Amino acid sequence: MRATEGHGMEFVRLEDLCKDFQEGPHTRVVLRGINATFARGESVAIVGESGSGKSTLLNLISGIDRVDRGAIWVDGQNLTTLDERQRTLFRRHHIGFVFQFFNLLPTLTVEENVVLPLELNGINGMGATERAYDLLDAVGLADRGDSFPDRLSGGEQQRVAIARALIHDPRLVLADEPTGNLDEDTGHHILGLLDRLTRHAGKNLILVTHSRDAAAYADRTLYLTEGRLTNG
Amino acid sequence: MDDVRPGPGMHSPPRSGSTSASGTLWNIGWRYFSRHLWQSLLMVLGIALGVAVVVAVDLANVSASRAFDLSVDSVAGRATHQIVGGPQGVDEAIYTELRREGVVRSAAPIVAAYATSPQLGGRPVQLLGVDPFAEAPFRSYFSAGQTAPVAQLTAFLTRPGAVLVAADIAYRYELDAGSAITLEVAGRSRSGTIVGLLEPQDDLSRRALEGIVLVDIATAQELTGRVGRLDRIDLILPEGSEPGQTEIEAFLHTVTQGSATVRVQELEARTGATRQMTAAFRLNLSALSLLALVVGMFLIYNTMTFSVVQRRPLFGTLRCLGVTRREVFGLVIGEALIIGIIGAGLGIGLGIVMGQSAVQMVTRTITDLYFVLTVRGVEIPTVSLLKGGVLGVVATVAAATPPAYEAATVTPRVALSRSGLESKAERAASLAAIGGSALILVGAGTLGLPTTNLIVSFGGTFLVVLGFALLTPLVTKWLMQAVRPPLQRTIGVLGRMAPRDVSKSLSRTAIAVAALMVAMSVTIGISLMITSFRQTVVIWLGEALQGDIVVSAPSVSGLQDVTPVDGQAERIVAKHPAVARVDLLRSATVDSPQGPVDIEAGNSSDYGHGLRYLAREGTVRDTWDLVSEGDAVIVSEPLANRLSLSTSDYLNLYTDRGLRWFPIAGIYYDYASTRGTAIMSLSTYREAWRDDAVTALVVRLNPDTDPDQVAQDLSAELAAIQRLLARPNEAIRQAALAIFDRTFAITAALQALATIVAFIGVLSALLALQLEKQRQFGILRALGLTVRELRSLILLETGLMGGVAGALAMPAGFALALALVYVINRRSFGWTLQMVVTIAPFVEAIAVSVLASLLAGIYPALRMGKMAPADALRYE
């Protein structure tokens, strides 16, 4: 069954995605032909147990890992035909990433971490700083711009990561277990923030999580079991 | 809460789980190093090279020192005193009289010279003319039943040109009793026959005999052109022999009619001065080898610190789990100890191999500059090996102590915080800079102290270098801030990111940069010193070389040549149509109350005009007039320093007419020897020593003549009377520079080794640094940094670190050069060098720094480029 819904203009399409991992002499099949489409501006949660391949799927969509078979279309662009450099540049311009373990650079301040994607897009100076502080204000951390990541709580670090994921105005935001490392209240706060900032800006959000509560923030939920995506 | 005590039947809790805990801790250490295998191997290699350099230089020094002792002892034997006779030696009649009068029981006449023989490989050997009947108490070669059988002794005494050589050396050159041999001394050749082989009983005597050829007194006199003269008479006077010595002095006074030249003196007084001067040379080498170890230590410190900072979260976790400070400290020190032992073990082996060439270089230099070493070969004393090994292990453990302390004392909370570490590093950078500035001032003050103590001087030099190293973190931060805007303008975002990464990771980057800086500053310092020295010598040679051609007897070393030239030579040379003028020069070694002094006496009316003076009486012309027309002398700077002489003093020398005071008219710059030289007029010399011999002819040619052609003509014409060398000035200049280059060959080798140690250290430090950032690079890739940009970023970061190290090494290296040129050299050898600053060492240092850093970046750059960002993100 195709996990596809036909409303709105199609923004992301996954066609028969397959991915294996070689572990010594054994091959572990993680994704066994994933098919799905996501409409423009849609927020989708992908739910699965630990080890079900959720993060792998997100890594494939973002282009930080390569598919073994299948195709990924984002806004009419087939990412699987792009070479490494083109995929990276696509990610740089169009994708924002929120990780489970925040992945802030420890030697950069909060402000510098947030500005980084803008810098990679060749934008810096006052304009970049102002945009960073707007977003930090939006996530409630405008007063922590000079702090280093390890001086922040887990929830605060994830709010910085959200600001970083959005600063270059990407069309697609990928969130990999964004609350997996946080307590329940903080988790809800983060999901609310992510939902508000992406939905109001008309961005696509793909959220992978093992929590059905977290999935409730999305427009719809897909389930990843035994390497296949289903509607439930 | 109630106090819970174990009741009957209850087990007490174990007092500690230290055995299994320490096993686990060791596992942690072992796994860290096995997972970072390249880093561990490079660290071991760094230590091994540092130890190898120290061991090699120590072996060279010990071997050279031993060779010196053996060379002296083989000739002096058990003599306690010697009767010496100034430049002309001792009349053999004095020996006859001494024996006839029975003034002393044990006396042996000696004629000694350095000879070469094509059959003995052409290397210098000590030709010893002896009286076998007088030898037994002094040297064991002729002791009954031990070495020379009666048949050999008979042949030695009765056969003209009879020669005895050590069996070892004979076998080496495939000679045997009966083989013909040609001996050449100072251009005179004589054929002889080996009548017997000396086979000493013990190894020491075997080595001592290695450089000796024995002939009878008459043969030696004939070969050296000193018929009827002896070089000295060896004496054995019992302990506390003042009465015996006084008696001999009285005897000599009578038989020489009051000449002060023929004197009896203690042997140690003669060899002591040479030993002292070679000691300065050897101390310099030791200091340089220690410098290589210091560079190595710095790099060990860097690597151990890195391994600690890299594992701070691990140590934090262990501390949270209840591992004590002592256990963490023990773990880090234990790791260092193991690495130190492995590195030192390998270093000892490598040092023995490297020692073989080091010995050749050192003995050659000592032969060139101080004393002809006829004994060669490498000594491998266990003490040297142990010393190098212990030094390597201690250096490793000492270098690991601060990081071990850091690992043990950091609070678990801070240990887990990277920003805590970086904030601490930033605060430490300012404190280190203050400390560094203070060290530079203290070091400079120490160098300025009016002392001749070399250890104090080297201590001051080390303080200055260490001071610069401590300035590194702050300067790195400043420089990174300074280069960021222009780099951003030229290469965009990477130009902004790279300097920021370097300055924001000072805890990792600063020490690596400091280590490279120290190594490069040593390279610059030594290069500048050698360049300055060479340039000074080149300028000095231009001023000091007289005439167009110099005619003298061939010499076996670079030492002052005191072999007389045949009396007919002057007439033959003067007859050549191209020759305009011939000046005579007599070089001799005479005695003074402070030991032997080399003198040069000439009849040139203008020689002194071309010299450069450190101090003088009046104008150059006035000064030289006092010498050429009066009885004044001018002394070289090393001699003035050695004997603490100034222009208002007198040089006291034993002459044929008693102890005489020669007024000092000037002190001139001279780099011919570290013993120093006094120049006087030939007439003053002849009058004082009643010696008409000449050791060199200084020839001036008519304009537009070819010196090479004339030199060839003269050599050919003179060959009939004596094989003399007629060398154009250019050839002498080249020969002098060749000696110079040989002298510094070992210095340059040590410098190169220090650079290799630094190179390896930096490679390992930066490699580890970049590999540690794997996860960060993964994040950057996920955020959109392309492979090419990532590679550029890594190379830019390592290149910037190399650039900073190179830039900082410039002032540090210059300061080191100032210390070496103006303080260390002056205090070691007594001469002032002119500082010559060339651009090459600076460019070289920057190039090596950047190259090492870029090389260190290549592997991580390639590896990260190949790795999928998803894998990099999974890296812990």
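**View 1. Glu226(A) sits in the loop between strand S9 (220–225) and strand S10 (228–230) of chain A.** Bear in mind for this and the other views that the model is predicted. The backbone is what to look at here: phi of Glu226(A) is near 50°, so a positive value turns up in a residue other than glycine. Around Glu226(A) there are 11 other C-beta atoms within 10 Å. Since 12 or fewer counts as exposed, Glu226(A) is therefore exposed.

**View 2. Glu177(A) is another non-glycine residue with a positive phi, this one about 45°.** You'll find Glu177(A) in the loop that runs between strand S7 (172–176) and helix H6 (184–199) of chain A. Is Glu177(A) buried or exposed? With 21 other C-beta atoms within 10 Å, and 20 or more being the cut-off for buried, Glu177(A) comes out as buried.

**View 3. Here chain A meets chain B, with 25 residues of chain A in contact with 24 residues of chain B.** On the chain A side, the elements giving two or more residues are helix H1 (54–62), helix H2 (84–94) and helix H3 (110–120). Which of the elements provides the largest share of that side? That would be H2(A), with six residues.

**View 4. The side of chain A that touches chain B, now sorted by residue class.**

Definitions and conventions:
Residues are numbered from 1 along each chain as its sequence is written. Chains are lettered from A and ligands numbered from 1 in the order in which they are written. This is a predicted model: local features need pLDDT of at least 70, side-chain atom pairs count only at pLDDT 80 or more; totals for chains, interfaces and linings use all residues. Two residues are in contact if their C-beta atoms, placed from the backbone, lie within 7 Å. Helices (H or I, at least four residues) and strands (E, at least two) are DSSP runs, numbered from the N terminus. Ala, Val, Leu, Ile, Met, Phe, Trp, Tyr, Cys and Pro count as nonpolar, Asp, Glu, Lys and Arg as charged, and the others, Gly among them, as polar.
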